[in-house]
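Hi,

Here is the structure I promised to send over. Have a look at it first, and my notes follow below.

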Amino acid sequence: MQFFVDTANLNEIREAAELGILDGVTTNPSLMAKEGITGEKNVLDHYKAICKIVGDDKDVSAEVIATDYAGMIKEGVKLAGLHENIVVKVPMIRDGIKAISYFTNEGIKTNCTLVFSAGQAILAAKAGATYLSPFVGRLDDISWDGIALIEEIAEIYETTGFETAILAASIRSPLHIVQAAKAGAHVVTCPLSAILGLLNHPLTDIGLAKFLADHKKANG
Ligand code: E4P
């Protein structure tokens, strides 16, 4: 399973990359706005900076703002031209599916975002999306079962042979990561804090303290 960080914060991306376990980055317009990145040139430069930090073989999702076919194609082609690892992130709407089909034919990688149902997952895979982003946390927020959706899509893709990678998005906690892995997600994207949360276990801390104390007692 691959680990992406879901942020546009360069320090957080750098910190995740330094851990040696980072496979890619996802961003969205809200995350870019949170970092104060505005204006086309700054946005494009920011994506280039992210690609430089993560290295050549890591995918970086950059989301289009346009919601019409022609606009999405224009933006997506520009984004894809920034770096070979840019993945054009396209919303799950009618023109989005049309745009994903176009990008697929052009050999441009895509991430179909804002996915909340198995039907949407089938359509995106049929259009050839490289990644599919079902939003686990946002489903949980409205008391639907986000992880159950990952399980359902994994079963469908396994049965049908669709090659689209399930990128479990809106992952907010270490438990979500474990559940998404069990449910068959190929990728999780989450804040670095959720990844770091996987480290924690009180018995690890107690065990390490005891090892160090015993070593000190024996060695002075
Ligand atoms: C990533 O691709 C999504 O845009 C993101 O995971 C959404 O997360 P949120 O629901 O925590 O905003």
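In what sense do β4 and strand β5 (residues 110–115) pair, and over how many bridges? They pair in the parallel sense, over four bridges, where strands count as paired if DSSP finds at least two bridges between them. Strands (E, at least two residues) and helices (H or I, at least four) are DSSP runs, numbered from the N terminus.

Before the rest: this is a predicted model, so local features need pLDDT of at least 70 and side-chain atom pairs pLDDT 80 or more, while totals for chains, interfaces and linings use all residues. Residues are numbered from 1 along each chain as its sequence is written, and side-chain values use heavy atoms, with hydrogens and water left out.

β4, helix α5 (residues 94–106) and β5 form a right-handed β-α-β unit (with the strands pointing away from the viewer, the path from the first strand over the helix to the second runs clockwise).

Strand β3 (residues 59–63) also pairs with β4, again parallel and over four bridges. Glu 63 has Lys 89 of β4 as its bridge partner. The chain gets from β3 to β4 through helix α4 (residues 69–80), in a right-handed crossover.

As for β4 (residues 86–91), six of its six residues are buried, so the strand is largely enclosed by the rest of the structure (buried is under 20% relative accessible area, exposed over 50%, partly exposed in between; 1.4 Å probe, protein chains only). Ile 86, Val 88 and Val 90 lie on one side, with Val 87, Lys 89 and Pro 91 on the other.

Cheers
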